[in-house]
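Reader: I have a model open and would like to go through it with you. Could you take my questions one at a time?

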Amino acid sequence: MLTAHTIKVLQSLDKKKFRQKYNLFLVEGNKIICELPDSKFKIKEIFSTDPQKLDRTDAPITHITENELKKISFLQNPKDSLAVCYINPEEKSDDKNIQLVLDGIQDPGNLGTIIRLADWFGIEQIICSEDTVDFYNPKVIMASMGSFTRVNIVYTNLVEYLSKTENVNIGTDMDGENIYDFKKPEKINLILGNEGNGMRPETEKLLQKSVMIPRFGKSQSTESLNVSMAAGIILGQLFSK
C-alpha cells in the first residue's frame, strides 16, 4: 500500500523544481520500463499492478492496485506500471555529424516526438536552449516512447554553442533553399525554432544556410507545419542524400 507521503512526492514530479529537488523522474508503461536496464538510467523503484509482466529489471517492485496507480500516474488511462528513476548528470559529448538544435521548443509532445525522430535516424545528441522544455517532463518521456534512453540531451547557451561549433548551422526559412535540392554538408546542426515564434534573432544571425519545405497543395493556404512534422520531413531528405 502506498503511503500518503509517497503519493505526494510522486505527484509532485510533474514539476521541474520537484524533479530537481528529489533528483527523480517517472517512466510509465512496461514496454518503456523494460528498456531501462540497457540504458544509462538507474531505476530507484517500480510500482506495478501486475509485477509478473515485468522482466529484466533488478529494481525493487511494489505491487499496487489500479486505484493507487491512478493516483500517481500522469496519464488519463494509466498503464500497468510506473518506474521512479534517478536523473543523470548532464554530459555533452563531441559534436556528431548530424545534430538537432532546439531553440525554445515549449510543447512536451513536440520534444518527445523530436527525440523519437532523432533515435529513428540514428542522431545521438540534441542540443537545447536553456528555455526549451525539460526533457524529464513526464509528457516528454511518454511521447519519446523509450527513445530518451538512446539520445543524449544537452541544455546550453545556444549563442555561445553555435558561435563555436564546427558544424554548419542550418535553419528553416520560407526563403531558404528547397530541401529536395539541398546539397548536404558533411557536418550539420539542424536548428528548429519555437512553435509560435520560430528561432530567436540572435540564433538566426548564426545560420550559415537555410532550407524550406515546398508546399504542393493547390490551395497553398496552410501557413506552416508543426515543428516535429517539419523535422521528420527534413531529416528524411538529409538522410536520403
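Reader: What is the strand order in the open sheet of four strands?
Author: The order is β1-β4-β2-β3, and the pairing is mixed; strands here are DSSP E runs of at least two residues, numbered from the N terminus, and two strands pair if DSSP finds at least two bridges between them. At the edges lie β1 (24-28) and β3 (61-63), each of which pairs on one side only.

Reader: And which way do β2 and β3 run?
Author: They run parallel, with three bridges joining β2 (residues 43-48) to β3, and S48 stands opposite H63 in β3.

Reader: Before I go on, what sort of model is this?
Author: It is a predicted model, in which local features need pLDDT of at least 70 and side-chain atom pairs count only at pLDDT 80 or more, while totals for chains, interfaces and linings use all residues. Residues are numbered from 1 along each chain as its sequence is written, and side-chain values use heavy atoms, with hydrogens and water left out.

Reader: Switching to β5, how many of its residues are buried?
Author: Six of the six residues in β5 (residues 98-103) are buried, where buried means under 20% relative accessible area, exposed over 50% and partly exposed in between, with a 1.4 Å probe and protein chains only. I98, L100 and L102 point one way from the strand, whereas Q99, V101 and D103 point the other way. In a regular strand the side chains alternate between the two faces of the sheet.

Reader: Which strands does β5 pair with?
Author: Six bridges join β5 to β9 (residues 188-193), and the two run parallel; β5 also pairs with β6 in the parallel sense, over three bridges. V101 stands opposite I191 in β9, and in β6 the bridge partner of V101 is I127.

Reader: What about N137, buried or exposed?
Author: N137 counts as buried because its relative accessibility is 14%. The residue sits in the loop between β6 (125-129) and α6 (138-144), and its side chain reaches the backbone nitrogen of K139 at 2.8 Å.

Reader: Last topic: what is the volume of the second largest pocket?
Author: The volume is about 350 Å³, taken as the space filled by probe spheres set on the grid points, which are joined across faces, edges and corners. A pocket is an open set of points on a 1 Å grid over the protein atoms alone, where a 1.4 Å probe fits, with protein on both sides within 12 Å along at least five of seven lines, and lining residues have an atom within 4 Å of a point.

Conventions
A polar contact is a pair of N or O atoms within 3.5 Å; within protein, one must be able to donate a hydrogen and the other to accept it, and residues adjacent in sequence count only if both atoms are side-chain atoms.
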